[in-house]
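Student: I am new to this structure. Could we go through it together, term by term?

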Amino acid sequence: MTSPRGLAPPRLTLRQRAVAHAGTAGLHARAQLAYRADFVFRVLWLLLQVYLLALVWRAVYPESGTAPAHGGQQVTLATQLAYVTYASVQNWLLTPAGLAPTPIPQRVREGSIAVDLSRPVAFTTQMLAAQGGIVLAAAPFAVLALPFAVVAGGARAPASAGAASAYALSLVPAVLNALLLAVVVSMVSFWTLEAVGVFMIHRVVAHFFAGALIPLWFMPSWLADLAQLLPFQTTTYTPIALYLGHIHGTGPVLTALAVQCGWTAALWLIMRLVWARALHRVVVQGG
Amino acid sequence: MSGPIIEVEGLAKEYRRPVRVEGPLGGLRSLLSPRHVTKRAVDGVSFALAEGELVGYLGPNGAGKSTTIKMLTGILRPTAGLVRVAGLVPWRERERHARNIGVVFGQRTQLWWDLPLRDSLELIGRLYGVERARHRATTARFTELLGLGPFLDTPVRQLSLGQRMRGDLAAAMLPEPRILFLDEPTIGLDVVAKERIRDFIATRNRRDGTTIVLTTHDLDDVERLCRRIVLIDDGRVLYDGDVARLKERYAPHRRLVVQLADGAGWHGVRVPGVARDDEADDAPGQVTLRFDPAGTRVADVITAVLARHEVTDLSLVEPGLEGVVHRIYAARGAA
């Protein structure tokens, strides 16, 4: 027995929970690889997107080879093509393929949520771990796709050693924020089983405001301001803009990283809040 | 002697379900101005289980069985009443409670569909914080007992229902829980698969002392496994006690089936309390008699039959639980 008779066991220790979540992530990563053939098509879709975006940017760019962005900075065509390439690949990696952002809606529909609730770890972290595993499974394919994407679009070395390390640092909250957003949005399915429309809107909004199609620096300023207020840009635009040195100087770089981390904390709280409501619905109303 | 491991007192659960608005844009209108109906699925259920008991929790569809199990496992929060399982209030301390219990929902699986069974069983060990060596030993033991070996490396989606259920049982028992909840574990299985699962359940109870709550529609499960049953209908307890005593109370009669020799006629028996059973579906040359063994000795009935008839076969039929339960529901429906 895991505990002496008559004594209620304690919660799992932090270490035990870490092992549980790592196991969950690993399992979901392996489950994804059951659909290897699907990844081939998804990679083709990604390369096509990069190719078409690069085609358009080459066509619309001024002959001088540079275009003015917000704040008077000049963006060269080479930088723009590199942005389109990296942003597409990163966003592809962080945005799961299915119609729903996570497996949660399916689990709610099938009632497997009952199984998840009878585990000794919290539902939200289980789902974050599962989603992490799904992203992890796509990572090797993103790495493999990158050279081809560079051929279809463009590439640039990081603006400086500082830019490279800022990018590496910013990837952590970028990934966390993408996972949190996916979990939060898919919890809509606790209120309505017909959430497909919501997920489609989320997909378009997230894709656009993440800067996966157009960098924030070329958006009309009011739209860029709006994008700055939303969490989506922290998943794609911020890291790539740091890498390319578009965000530079100690102050702006630290601010960008702080905004990312602030969103991580905020999204965590939002997830907990939404989950508390969803759980209330499940356990109280038997939804 | 410690107190009961499961205590349920005045347990009630009301569901508030949204009603879909009919007509154009019904979905949208339901979403914007929802209307609800309330249904009392469990209505004042009380019982207590001692550690090591194996209890059948029975009732017709919609009686409130699954709702009770969901409250006992911490998935639902009661509307009223008290639940305490191994000293914990399940819904309030879900994560700690989860370490005490194993659950099998016959209609769904806790295994991961796309992966080999082995992977699911391995993850269970990590999810429940089971020490590695111990988990390996338990997995080996259950693999042998449930005959999982031949399909450990088969993806769960390719398993037959019987194989999947064995996998689910193993998964539920791998953390060695003190209490096991089984919600229709033999549903849709063939005779051999059922027997294997019953064996496993009985052994876990007897050898490991696991407390087991079994809900099922298969009364053979109950006759084979449970000494005690809790029978509910319409969210209330109808009967709580011994299976044997239930039969005595609701089906006191024994039946004697007499097969007459070719051409022999039936002349009746003159023993008080013995009557021909009108409900019996007798074949030609066959006669079924009904009597209460409390008032009439079996030997007297047989002697009386043999004295007046030429008989080729005699058999005494004990009442089955099936008939008993059927009778209880029917009586309740008529009341």
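Student: What separates the centres of domain 1 of chain B and domain 2 of chain B, taken over C-alpha atoms?

Tutor: A distance of 43 Å lies between those two centres. Domain 1 covers 51-247 and domain 2 covers 252-318 of chain B, with bounds from an automatic or database domain assignment. This is a predicted model, where local features need pLDDT of at least 70, side-chain atom pairs count only at pLDDT 80 or more, and totals for chains, interfaces and linings use all residues. Residues are numbered from 1 along each chain as its sequence is written, while chains are lettered from A and ligands numbered from 1 in the order in which they are written.

Student: What makes a set of residues a nonpolar core?

Tutor: The members are buried Ala, Val, Leu, Ile, Met, Phe, Trp, Tyr and Cys residues, joined through C-beta atoms within 7 Å. Buried means that 20 or more other C-beta atoms lie within 10 Å of a residue's own, with C-beta atoms placed from the backbone. The largest such core here has 153 residues, and A:V183 and B:F181 are among those with the most contacts inside it. Helix α7 (residues 161-186) of chain A gives the largest share, 13 residues; a helix is a DSSP run of H or I, at least four residues, numbered from the N terminus.

Student: Which residues of chain A and chain B are in contact, and how many?

Tutor: Contact requires C-beta atoms, placed from the backbone, within 7 Å. By that test, 34 residues of chain A are in contact with 37 residues of chain B. On the chain A side, α1(A) supplies the largest share, eight residues.

Technical notes:
Buried ≥ 20, exposed ≤ 12 C-beta atoms within 10 Å, placed from the backbone. Helix = DSSP H or I, 4+ residues; strand = E, 2+ residues; numbered from the N terminus. Contact = placed C-beta atoms within 7 Å.
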